[in-house]
Amino acid sequence: MKPIENVPDRKLLLFKSCMVSQEYPGIESATGYAFDRLGVDYFVNEEQSCCTGIGHYTDLFEGLTTAAIAARNFAVARRCGYPNITCLCSTCYAVNKEACELLNTNAEVREKVNSIFREQGMDDLVYEKGDMDPRSNFYHAVEVLLSKVDLIRENKQLDFSGVKAAAHHACHYYKVKYQDVVGNPENPQLIDDIAAACGADMVRWYEDRTLTCGMGFSQLHLNRNTSLQVTKAKLDSLKNAGVELMLHMCPNCHIQYDRYQPVIEKEFGVEYDTVHMNIGQFVALALGADPYEVCGFQTHSVPLEGFLERIGAL
Amino acid sequence: MIVPPEKTAVFICHCSGNISEHVDIKAVKAALKAEGISVFDYEYLCSSPGQDLIKSKIEEKGLEKVVIGSCTPSKHGLLFKKCVREAGLNRAMLEIANLREQCAWVHPDTAEATEKAITLLRGKLKRLDRGEPLQDIKVDIFPRALVIGGGIAGITAALNLADNGVSTYLVEKDSSIGGQMAKIGKIFSPDKLAEECAMCSLSPLMNEVAAHPKITLLTRTEVEAVRGSAGKFKVMLRTRPGYVRDTCTACGRCNRVCPVLVENEFNCGHKDKKAISMRFSQSIPKTYSIDPDHCLQLNGVPCGKCAEACRTEAIDFGQQEEVLELNFGAIIAATGFKEYDASLKPQYGYGIFENVLTQMELARMLGINGPTKGKLARLSDTCNLDAGNSNPGNSTTDFSNAPTTDPSNAPTTDPSNSPTNAPINAPTNDFTPNSPESSSLKEKLSDPPVPGRIVMIQCVGSRDEKAGGIPYCSRYCCMAALKHASLIRKKYPDTEITICYIDMRAFGFYENYYRAVQEMGVSFVRGRPAEVIRKSDKSLIVRVEDTLNQKILELPADLVVLSAAMLPSTGTRVIAGVLNVSQDETGFIKERHSKLKPVDSSVDGIFVCGTAQGPKDITDTIAQAGLAAARARAFIADSPKVLEHELARINQLTCTRCGDCLSCPFDALSFSESGRVVVDPLVCTGCGYCTEICEKGAVQVAGFTKSQLKSEIEGVLEAGDLLGFVNSGISSLTCDNIGNSVLSYPSNVKLVKVSTCLVVDKELIMHAFRHGAASVLFVEDPPDNPRAEVIFPLALRHFEKLKEELGADGSRLHFKKAYVPNTKGLAGTFTSLAREGEMNGDMVR
Ligand SMILES: Cc1cc2nc3c(=O)[nH]c(=O)nc-3n(C[C@H](O)[C@H](O)[C@H](O)COP(=O)(O)OP(=O)(O)OC[C@H]3O[C@@H](n4cnc5c(N)ncnc54)[C@H](O)[C@@H]3O)c2cc1C
Ligand code: SF4
Ligand code: SF4
């Protein structure tokens, strides 16, 4: 278990995610907005590259390439003096952590990666064993937000009282590295605790709460029906529980719910009232951010206008 | 102590050929006689004529020192010590040379064995020159025992001790003894297919505790601190006030008039208890007590209704807590278990859906003194009074949205508004709530539907390698589930019961019970359920894969019962810290040896039994408690304790009181009030770590002083020898076993016993080299017991340090770990090192 006290608020490299940048750029700007107001010392480095996650999980990138790219990103983080990699995406989080473990424990991989760097004259990227610590150099932005939950409660401008909300904690956060989760890995409550501090009425347990979002990377395309059925099962359960707002911590889950909810409605002949939001966007909103300028809600497929109006954010 | 040679004699035993067939005793006698020493031999020295011979020679010749050449001292050492003591000699004036296991039996060549026998005897003779009389160290054991925890384990232990005449204190933190067994209602038993009434077995025992003249019972009491060591523990006990004097007759009038309802821990948190109450009707002591957190009067709100109602003026709001400091010779920890917090597995809905219970909650429901008076019901059908209370206190997230009507939360309400015209109950029954809410509860209870479908989920928390679970089997829960299934089927034959299990563990004779329950028509599904889901009608669905036919099942259920794991109670964790005893990874108090010392804790004089030591049922708990009592009694009865092993001794003349030796790994050394360094004889293991630390040589292990060892070395060594320093524990036994296993090794292997190799310093090794040793070997006990676990790493480090300090000679120092069965390996080491030494020795010669 990761004690919340151990989550740092200094020297965080806010790790850019391609899914965030490409689909919901508001997640990054909203998280930055929140971090600024919560006194978090972070940095966004344009030199950083994709973690390969999507490619890796769709079998496009094999492990060695992923490890090499991770080693390069680690060098970027260390060089700019922000070695605490803080991810917006749970897949970046798991991939980076895993790659770090691999580079530390597997000399063969490490040497192979380093020899590629040396051959190409990129000696400054060479990774030495222990350069990064898989436990203490990798975080998810939601952990940082949770560590500031008291500040959020004190400084909130918008109260979510009366909003029935529920969380979807990403599998790649609490199932892949299950020994390194804040709280009980069988019942993560990070998002719930943050949102509750903003007044939201959290449905902390609902049927199939620990079910995946259904995306399964290539599954969404190869086994589309199964994938969407899983998503539907969860949306149904949220509907039964009367949840109007679903909070996310991973752009992949976010895509699966927000982009595909209208598809499921159409294909399965159902209707849902649930809207979707990343926890970073939610906190930014609570702290007074502009729904469009900062949170970027215009990029969402399930329109949030009705909801935002109701809570007085518009 | 040098005495003239004529005051010294050697006795050699033939051991009926065992020694005499390999050692030429005549030659030995001749060699020693030439040195002016009288030598006697006899067929069997251990026989009574043999002992008489020794005694008569001592008296006749006024002998002051005796060496016996015989079998290993671990066989007859005590006998011979007794023999010389009876003849008036101090035990330190006797040395025994092992001519059998370490000579005759391992050196087949007579000439070699004879030569070695002479050197061994010579070594002992020289050693005796340096011997100082040893005084027996005796320690008085305080003749009183403390049992902590009044569950069935503590009750059994206390009664056994007291029946054996030991004055015993039984300390219980709750207001009554009885523990969890008082709650479980019926108990499964290994020899019958019937369930017995727990209280019928327990209550007489509890009464016996109360009546026993040798038992002092202190309830509402906890152990705050323990000082001192085995035999004389100084224990501080703190007793919380109960605000009721002993004059209480348990008539229950107070309970009836008390306006405050509180959560009843005994009934798993149901709000059916008053602020003044007894834990249960059969409570011992049979005295009411006040819950100070909820009593109005004690929280500054005038009430005092109980005091008005009491006819014996037993209520005393002024009672203060009491602190007692007492001495005890031995302590038994019987602090029990608690149930795993099932809300850590939210997928099973515990604390979220009110119709999900633990086995303990079901046990309370089935108990006639439980919240439903033994009636099986769904909480959703019965309780609006205490809905949501099933959520255990230590859950981090509070799922219960249910309204609570806790009068104690509102101490400002005028108590006179509270109902006083409540119906009168049976005098000692404090389970029936008396408020109007409760009469509505009663009405609801009068006819709630009986749940028709029950699903039990086994191994909740147990046998679970996930982060929130525990890896072991809790041992009670398969049987508890079968018991509850059987009880329910007997009372409500139409109820369908399904038990979802990983393996059903009905160990030993319990298999019969399991079979009987199967025959009753209870269903079993092998699979660990994934999730419990609630439907809108509050009925539940258990999703599980039946792994025997690989089908996903959705089992409908009105009640879901979780068999939650057994964890060490909070009190067990706390007491382990206070007593400073070892715990296992989960927090149970660890026994010293799972087979040979199952109730000894890591600290001498402290014992453990029952579920404080590990998960178990009542049968095993009672058996273990009996053993703990026997062990504690033996410990106390052995007073004054004569310590068998040799201890560190401080020479106060040379000691500079620098305190360096206080780094003793066993904490045996301390400064006395007068500033001297003193040894706690009950704690010192004689390992000799301190002898290495003390620069002034002021601390030595008696019987293994440097000068004794030096002299023995001089006596035994010849050029080219391998000198082995052998730990007097397991290592010595292993060396003897080489002889018992008819193995052999060269006769230039000379073994010298030491308390541990920590007493061997650089000077001794250099001394050995000077006297011809080609190499030196440390033979140490493996870290298999608590003492050796501490000593082994120190000995290894000591060896490595010496090796370095010896420089070039370091290569002549060796280390070997001796396991009792590995006689072959040890003999092999002896042989190869001795051969090496012979070659070097040849060069020396
Ligand atoms: C639901 C359920 C059903 C069961 N059914 C059966 C059955 O049918 N048959 C069977 O054989 N077994 C059964 N068991 C197991 C049985 O309950 C235990 O084996 C037994 O109760 C253990 O007794 P104990 O004395 O070791 O512990 P406990 O009963 O836990 O007693 C410990 C006592 O120590 C006290 N205490 C704790 N800490 C301190 C402290 N620091 N200072 C002072 N006092 C302290 C506690 O208050 C308590 O009174 C069942 C268990 C459960 C949970
Ligand atoms: S006794 Fe049965 S239910 Fe309990 S942990 Fe062992 S196998 Fe699981
Ligand atoms: S001999 Fe060992 S236990 Fe005894 S005082 Fe010295 S170091 Fe401590």
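How many residues does the contact take from chain B, and how many from chain A? The contact takes 14 residues from chain B and 12 residues from chain A, where contact means heavy atoms within 4.5 Å.

In this predicted model, local features need pLDDT of at least 70 and side-chain atom pairs count only at pLDDT 80 or more, while totals for chains, interfaces and linings use all residues. Residues are numbered from 1 along each chain as its sequence is written, chains are lettered from A and ligands numbered from 1 in the order in which they are written, and side-chain values use heavy atoms, with hydrogens and water left out.

**View 1. Interface of chain B and chain A.** About 1,100 Å² is buried between chain B and chain A, and carbon and sulfur atoms give 54% of this area. Buried area is the accessible area (1.4 Å probe) that two parts lose on being put together, summed over both. Four salt bridges are found across the interface of chain B and chain A; a salt bridge is a side-chain nitrogen of Lys or Arg within 4 Å of a carboxyl oxygen of Asp or Glu. Lys345(B) forms a salt bridge with Glu186(A), with 2.1 Å between the closest N and O atoms. The interface of chain B and chain A also has six residue pairs in polar contact (both at pLDDT 80 or more). A polar contact is a pair of N or O atoms within 3.5 Å; within protein, one must be able to donate a hydrogen and the other to accept it, and residues adjacent in sequence count only if both atoms are side-chain atoms. The side of chain B that touches chain A has six nonpolar, three polar and five charged residues. In this classification Ala, Val, Leu, Ile, Met, Phe, Trp, Tyr, Cys and Pro count as nonpolar, Asp, Glu, Lys and Arg as charged, and the others, Gly among them, as polar.

**View 2. Domain 1 and domain 2 of chain A.** Chain A is assigned domain 1 (4–139) and domain 2 (156–310), with bounds from an automatic or database domain assignment. The centres of the two domains, taken over C-alpha atoms, are separated by 25 Å. In domain 1 of chain A, 30 residues are in contact with 31 residues of domain 2 of chain A. The area buried between these domains is about 2,500 Å², of which 64% comes from carbon and sulfur atoms. Tyr24(A), Tyr33(A) and Ser90(A) supply 26% of the area that domain 1 of chain A buries against domain 2 of chain A, more than any other three residues.

View 3. Five salt bridges cross the interface of domain 1 and domain 2 of chain A. Lys177(A) forms a salt bridge with Glu101(A), the closest N and O atoms being 3.2 Å apart. Between the two domains of chain A, 11 residue pairs are in polar contact (both at pLDDT 80 or more). On the side of domain 1 of chain A that touches domain 2 of chain A, helix 1 (18–23), helix 2 (26–37), helix 3 (53–57) and helix 5 (90–105) each supply at least two residues. Helices (H or I, at least four residues) and strands (E, at least two) are DSSP runs, numbered from the N terminus. Helix 2 of chain A gives the largest share of that side, eight residues. The residues of that side divide into 17 nonpolar, seven polar and six charged.

**View 4. Domain 2 and domain 4 of chain B.** The domain assignment of chain B includes domain 2 (144–239 + 569–637) and domain 4 (342–391 + 433–564). The C-alpha centres of these two domains lie 30 Å apart. About 1,700 Å² is buried between them, 63% of it from carbon and sulfur atoms. Two salt bridges are found across this interface. Arg475(B) forms a salt bridge with Asp620(B), the closest N and O atoms being 2.6 Å apart.

**View 5. Surroundings of ligand 1.** Of the 36 residues around ligand 1, Glu172(B), Lys483(B), Thr611(B), Lys616(B) and Ile618(B) come nearest; a residue is near a molecule or strand if one of its heavy atoms lies within 4 Å of it. A backbone N or O atom of Ala153(B) lies 2.9 Å from an oxygen atom of ligand 1.

**View 6. Shell around ligand 2.** Residues around ligand 2 include Cys459(B), Cys473(B), Cys477(B), Cys478(B) and Arg475(B). Strand 21 (453–460) and helix 13 (477–491) of chain B each supply at least two residues of this shell.
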